[in-house]
Amino acid sequence: MGTPIHSSSNTYPIRLQVNARACEVPAAPETALLHVLRNDLELNGPKYGCGLGECGACTVLIDGVAARSCVIPVRAAVGREITTLEGLGSRQCPGPTQQAFIDCQAAQCGYCLNGMIMTVEALLRRIPNPSEQELRNELHHNLCRCGTHVEIMQAALRAVELRAHRAALQAPTEFPSSCAGEVQP
């Protein structure tokens, strides 16, 4: 367990559902969800970027919707399903959106990728076959300071293809047995 960072000494047991697992952490209710995910639950997908909900590096899914975890108090996540980058797949068996970013080498420094992947994933859960313009609109508020926007768009379009292919194959039979038990979207 990491060192908890909480905004006050008044901590309480907070029950969360993260990546399809129930967990309980001691936290002050106003503590940023990002701090609980990274420091208490040791999930390193969401990154601390601006701390203002502007850059997107801290994006997670809350009930399937992209949310900026640096500005959401942990109390607001109680009773809701939180999905981090780790909940989409693993190194051995990445989820389709993760695989698309790998295939397209859509990273330079990689700091923004959590937000980019989670934002694309949220859109594809809402609209399985979005247009390129819909993808651009969704990613508009995610910042990449390295300038890999072309590769990120290629990866977003590739994610649409991979998810469509996966849906056509009926997900449970598509993955090799080595992925049994892995979290898949």
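The points below go from the overall layout to the helix contacts and the cores.

1. A word on the basis. This is a predicted model, in which local features need pLDDT of at least 70 and side-chain atom pairs count only at pLDDT 80 or more, while totals for chains, interfaces and linings use all residues. Residues are numbered from 1 along each chain as its sequence is written, and side-chain values use heavy atoms, with hydrogens and water left out.

2. Overall layout. The chain has six helices and five strands, taken as DSSP runs numbered from the N terminus (helices: H or I, at least four residues; strands: E, at least two). Read from the N terminus, the order is β-β-α-β-β-β-α-α-α-α-α. Of the 185 residues, 44% count as buried, that is, under 20% relative accessible area with a 1.4 Å probe, protein chains only. Taking contacts (heavy atoms within 4.5 Å) with a separation of 6 or more, 58% come from residues 24 or more positions apart.

3. H2 against H5. Helix H2 (residues 96-103) packs on helix H5 (residues 149-168) at about 135°, the axes being 8 Å apart. Axes here are lines fitted to C-alpha atoms, for helices over the stretch in contact, and angles run from 0 to 180 degrees between N-to-C directions. The two helices are therefore oblique to each other; angles under 35 degrees count as roughly parallel, over 145 as roughly antiparallel, 65 to 115 as roughly perpendicular and the rest as oblique. The H2–H5 crossing is right-handed, meaning that the near helix is turned clockwise from the far one by less than a right angle.

4. Who makes that contact. H2 contributes Pro96, Thr97, Gln99, Ala100, Phe101 and Asp103, and H5 contributes Ile152, Ala155, Ala156, Arg158, Ala159, Leu162, Arg163 and Arg166. By class there are eight nonpolar, two polar and four charged residues (nonpolar: Ala, Val, Leu, Ile, Met, Phe, Trp, Tyr, Cys and Pro; charged: Asp, Glu, Lys and Arg; polar: the others, Gly among them).

5. Ala100 and the end of H2. Ala100 lies in H2 and counts as buried because its relative accessibility is 0%. Beyond residues up to four places away in sequence, Ala100 touches Ala155, Arg158, Ala159 and Leu162. Pro96, Thr97, Gln98, Ala100 and Phe101 are the buried residues of H2, and they pack against H3 and H5. After H2 comes Gln105, with a positive phi near 45°.

6. H3 against H4. The axes of H3 and H4 come within 10 Å and cross at roughly 130°, and the pair is therefore oblique. H3 passes H4 in a right-handed crossing. Met116, Thr119, Val120, Leu123 and Arg126 of H3 meet Glu134, Leu135, Glu138 and Leu139 of H4, a set of five nonpolar, one polar and three charged residues.

7. The cores. Which residues have the most contacts inside the largest nonpolar core? They are Phe101, Cys112, Met116, Val120, Leu135, Leu139 and Ile152, in a core of 25 residues. A nonpolar core is a set of buried Ala, Val, Leu, Ile, Met, Phe, Trp, Tyr and Cys residues joined through side-chain atoms within 4.5 Å. H2, H3 (113-126), H4 (132-139) and H5 each supply at least two residues of this core, and H3 gives the most, with eight. Apart from this core lies another, of 17 residues, including Ile14, Ala27, Val60 and Ile82.

Notes
Buried < 20%, exposed > 50% of the residue type's maximum accessible area, 1.4 Å probe, protein only.
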